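Subject: Structure for you to look at

Hi,

Here is the structure I promised to pass on. Please open it next to this message, and I will walk you through what turned up.

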Amino acid sequence: MLAKIANKPTESYVINRIWHRLDDIRVRFVLQQYVRRKEGYALADLYLPQIGLIVEINEPYHYEPTQKEKDELRNKEVADATNADVVVINASVSLEEIHAQVDDVVAEIRKRVTTLGERFLPCNYSITRSTPEYYKSRGFFSVNTEDWLPTIDDIAAVFGTKPKHRGFLRASAVAVPGKQDEIVWWPQPNHKVWSNELSKDGRFIYEYNKRSEEERKNHVKHWLTHPQKRITFMKEMAHGVLPTYKFVGVFQINPQLSKEKNMCVWERISDTYQLNV
């Protein structure tokens, strides 16, 4: 992990000190995290996904007037893209002052872990977080944690099934074996035929057919009579990083809103899903 910053002595020193002062292997450290910006990308020095915190180590040139303004914009865009708070360590000061800032960061990390309580999921270094094996072992998904999988096949594998093929196309969902009223769904926001929009608060998904008004109407009519539960993984740039499928909850049709808006309005009925229950 630390080899990524071997050629950055100041950054390496500060992050090493945070790691050792914290002394808590449950906290996952991600270095040089790629984050997509409005124009280009940024590399976050230290990203702690479990607690929503990013730590930037700023050397002297960051405090030049023009660079300072650029950094403020960059940090805002990084915070928006990752939904994390950005903390800056000023590495242009004395070693004693740097140490004091590191101690403040370590205290903040411990505070956030304590505040999360049982909702804090320890990092498991023996099993990769983004594999079916990890979620099978853990036994549940939650919107409150960093739960995502890289492919449709991986999602289906967690549930012991495979996605169906329609020629070169993939079905957008698959039935959960042994559960008549449950499917696993992986909507894509920018699909050619379907509009799938997750509300900002994560409570609703608005789905409709783009091709014609008749198809849109028939689609709504069909699902109004099917009170199906959808275990949902929304395709997105997870943490502004890579195209992945993030667990966003269990959804069910809201008949009233669907009729009012002439589209399928799926409402979140649970922010967790327990496997094999």
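Let me start with a contact between two charged side chains: Glu267 forms a salt bridge with Arg203, and their closest N and O atoms are 3.6 Å apart. By salt bridge I mean a side-chain nitrogen of Lys or Arg within 4 Å of a carboxyl oxygen of Asp or Glu. This pair links distant parts of the chain, 64 residues apart: Glu267 is in strand S15 (residues 264-270), while Arg203 is in the loop between strand S11 (194-198) and strand S12 (204-209). Helices (H or I, at least four residues) and strands (E, at least two) are DSSP runs, numbered from the N terminus. Glu267 counts as partly exposed at 24% relative accessibility, and Arg203 counts as partly exposed at 41%. For these words, buried means under 20% relative accessible area, exposed means over 50%, and partly exposed is in between (1.4 Å probe, protein chains only).

Two notes before you read on. This is a predicted model, in which local features need pLDDT of at least 70 and side-chain atom pairs count only at pLDDT 80 or more, while totals for chains, interfaces and linings use all residues. Residues are numbered from 1 along each chain as its sequence is written, and side-chain values use heavy atoms, with hydrogens and water left out.

The structure holds 12 salt bridges. One of them joins Asp103 to Arg21, with the closest N and O atoms 3.1 Å apart. That pair also links distant parts of the chain, since Asp103 sits in helix H3 (residues 95-116) and Arg21 in helix H1 (residues 9-22), 82 residues apart. Asp103 is partly exposed, with a relative accessible area of 31%, and Arg21 is partly exposed, with 42%.

Another salt bridge connects Lys179 and Glu182, where the closest N and O atoms are 3.9 Å apart. Here Lys179 counts as partly exposed at 24% relative accessibility, whereas Glu182 is buried, with a relative accessible area of 11%. There is also a network of salt bridges that links Asp85, Glu108 and Arg112.

The four-stranded sheet

Next, have a look at the open sheet of four strands, which has the order S1-S2-S3-S4 and mixed pairing. Strand S1 (30-36) and S4 stand at the edges, each with a single partner strand, so one side of each has no neighbour in the sheet. The twist averages 45° from one strand to the next; for such angles, axes are lines fitted to C-alpha atoms (for helices over the stretch in contact), and angles run from 0 to 180 degrees between N-to-C directions.

Two strands count as paired if DSSP finds at least two bridges between them. Going through the sheet:

- S1 and S2 pair in the antiparallel sense over six bridges, and the bridge partner of Tyr34 in S2 is Leu43.
- S1 and S2 form a hairpin with four residues between them, and Gly40 in the turn has a positive phi of about 85°.
- S2 and S3 run antiparallel and are joined by three bridges, with Tyr47 opposite Ile54 in S3.
- Strand S3 (residues 53-58) and strand S4 (residues 85-90) pair in the parallel sense over six bridges, and Asn58 stands opposite Asn90 in S4.

Is S1 mostly covered or mostly open? S1 is mostly covered, as five of its seven residues are buried.

Two loop residues

Asp23 has a positive phi of about 50° although it is not a glycine. Asp23 lies in the loop between H1 and S1 and is exposed, with a relative accessible area of 66%. Asn262 is another residue other than glycine with a positive phi, near 55°. Asn262 is found in the loop between helix H7 (255-261) and S15, and counts as partly exposed at 25% relative accessibility.
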